[in-house]
Amino acid sequence: MMSRKLATLPDGTTYRPSDGGLPRSLRPKRVVTVVTIVVLVVALLYFLAPIYWLVITSTKSNGDIVTSNGWWFAANNTVQNYVELMGWTQQMFWRWVANSVFYSATAGVVGTLVSVAAGYGLAKFAFPGRGAVQVVIMAGLLLPIALLTIPLYVVFHAIGLTNTIWAVIIPSCVSPFGVFLGRVYAQSSVPDEIIESARLDGAGEIRIFFGIVLKLLAPAMVTIFLFIFVATWNNFLLPLMMLNSPELKPVTLGLYGMMSYFNPQYGAVLQGALLGVVPLIILFLGLQKQWQSGLAAGAVKG
Amino acid sequence: MTTSVVDRGAAARPAQTPRRAGRAASRPGRRRTVLAGWGFLAPFAILFAFCFLIPIGVSIYQSFFRGVASGGGLYGGGELVNQFVGFENYVHYATSSAFWAGMGRVFLFGIVQVPLMILSALGLALLLDSASVRRVAGFRLGYFLPYAVPGVVAALIWTYMYNPQFSPINQVLGLFGGHIDFFAPNIILWSMANMTTWTFTGYNMLIFLAALQSIPHELYEAARMEGASEWTIVWAIKVPLVRNAMLLAVLLSIIGTVQLFNEPTVLQAVNPWMGADYTPMMMAYNTMMGGLSPSGDGPASAISILMALIAGVLAVGYALLQKKAD
């Protein structure tokens, strides 16, 4: 763990730089360090084991799943499982994944713009009713979203929007958390001076927003986009209520439908689960910096 | 936390805007500010009204109605007619043993799972923040990864991992002569608690860790100079400073628990004995979709509203309790 590298001063002498952090007297005892690492590794195994098992098992046939060691490969049945998965879903599987991508990306883009605009409006303009609006939005942040789904279904059903893509996309665009984050960011990273000087130059409010403010709020927008994207991808109850055409299903709903088959090919279902999760995991790995700093902002500023 | 945010936000910065705008441009400028403010808010406000306020209003209204067969005879007959029934739907569920049995289950679930999850998350965050660990990034990512797995897919994976025919967990336990019947009626609730713990612990851990890492290190150094031990620093400095983040996490967990749906729904697909009303949210969904009687908009709305009220009371109760303890 300790770095053994030597550093060189301009005059040519070498020395061993301190390992950063703490002086020797304050370093934790060896026992403490070992116990800490052991606990952390055990926790890591708990969190990663199901994902590892998912990868292994998606390659197995039903017979091997029952008889072979659950934690290691058996005969490779991946191709048959894939064929089975496509057959069951009547070639719909990739369509479902594409639906999920489409719903999440559309809701993410629209929801982010709407949230950032609202956050900017709340942060930088004084207008009557602003305080009340903020209280309502904060209440919305704590409102159980699942409980809202039944009322939403009632309204969407009444106006004939159920079983359309709008039934999933429109509610997913509304993110009180996005507005909250947008407002926090607008307060801290859009200086009043820039807005005012743009106004003096004769720029309209809309031009200022699209030309200047959105650039300043880019980091917040990535975070809000990710947040809405993931929430939409993971949503299960809303599409379950709103959609019944197979062509409209997102992948979560499609996979749930496969669960209820009698005596399913487990490897095929699990392969579907794996393929349905991979896009999200890639997104998370690729945008680590963004969501970590976004969550941090939410935690610290909240 | 809510109030602090609103106070800080509303009071501190934007207060300057009107003053300055007033000085610069007086009346027309002020009107422009008001218009622009509402203009930027408008798209969200419209969506919010359409997806939050109107549905809640409609739902409250609907909860006083129930579909009744228009035929009127013993077996009804004819179309369903929406009839005003006053508080009948509410009375029905407030005195329904099935509703309270479901509520009891989620309550029992929450009272064990929420503290377990929050304390594990806090513990892991404190360990990662301690001086013993250098390479935090790998652990942090590993713990968080389950959050990237959609709840219903996580439930599906675990349901198969619990499967009595091939559970890989029992394969391991078998080496030591152990065995767990994950689907047994008195165990299934805890099998479910494990699913939500697995999904959300890392998420909460990450938020706590972010809060911990924003604490200035001078505070620790000062404490050490005074001779404080590592434990004292944890209890006297670190834990109090993540309190706000913890309060929010607990509130969101309470609210999440009351509306528990994905996990029991997936488990019910392979354990039909659980019934369509295992949790209140399942009851609301199945009432809406006609799987339970009475069914339809009115009764389902009444369940939703009762649940929202109970969730609200629990959340406010907890918040007040914590405030008192501080």
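Reader: Where is the place of A:Gln91 in chain A?

Author: A:Gln91 sits in the loop between helix 3 (78–88) and helix 4 (93–124) of chain A. Helices here are DSSP runs of H or I with at least four residues, strands are runs of E with at least two, and both are numbered from the N terminus. The model is predicted: local features need pLDDT of at least 70, side-chain atom pairs count only at pLDDT 80 or more, and totals for chains, interfaces and linings use all residues. Residues are numbered from 1 along each chain as its sequence is written, chains are lettered from A and ligands numbered from 1 in written order, and side-chain values use heavy atoms, with hydrogens and water left out.

Reader: What makes A:Gln91 count as exposed?

Author: Exposed means over 50% relative accessible area, buried means under 20%, and partly exposed lies in between (1.4 Å probe, protein chains only). A:Gln91 has 57% relative accessibility, so it counts as exposed.

Reader: Why is A:Asn163 called partly exposed?

Author: Its relative accessible area is 25%, so A:Asn163 is partly exposed. A:Asn163 lies in the loop between helix 6 (145–158) and helix 7 (165–173) of chain A.

Reader: What is phi of A:Gln91, and what is phi of A:Asn163?

Author: Phi of A:Gln91 is near 60°, a positive value. A:Asn163 has a positive phi of about 60° and is not a glycine. Most residues other than glycine have a negative phi, and most peptide bonds are trans.

Reader: Which residues does a cis peptide bond join?

Author: B:Ser293 and B:Pro294, with omega about 0°. B:Pro294 is in the loop between helix 13 (280–288) and helix 14 (297–325) of chain B.

Reader: What share of chain A counts as buried?

Author: Of its 302 residues, 51%. Chain A has 15 helices and two strands.

Reader: How do you know that B:Arg32 and A:Glu205 meet in a salt bridge?

Author: The rule asks for a side-chain nitrogen of Lys or Arg within 4 Å of a carboxyl oxygen of Asp or Glu. For B:Arg32 and A:Glu205 the N to O value is 3.1 Å. The rule finds one salt bridge across the interface of chain B and chain A. Helix 2 (residues 16–62) of chain B gives the largest share of the side that touches chain A, 26 residues.

Reader: How many residues does the contact take from each chain?

Author: Chain B gives 104 residues and chain A gives 109. Contact means heavy atoms within 4.5 Å.

Reader: What is the area buried between chain B and chain A?

Author: About 9900 Å², with 77% from carbon and sulfur atoms. Buried area is the accessible area (1.4 Å probe) that two parts lose on being put together, summed over both. B:Phe40, B:Phe44 and B:Tyr160 supply 8% of what chain B buries against chain A, more than any other three residues.

Reader: Which residues of chain B does the annotation "transmembrane region" cover?

Author: The UniProt record, an unreviewed entry, lists 35–61, 106–129, 141–161, 241–261 and 300–321 of chain B. UniProt positions follow the numbering used here, feature names are shortened, and annotations may be inferred rather than shown by experiment.

Reader: How much of residues 106–129 of chain B is helix?

Author: The span is 100% helix and 0% strand, and its end C-alpha atoms lie 33 Å apart. Residues 241–261 of chain B are 81% helix and 0% strand, with end C-alpha atoms 33 Å apart.
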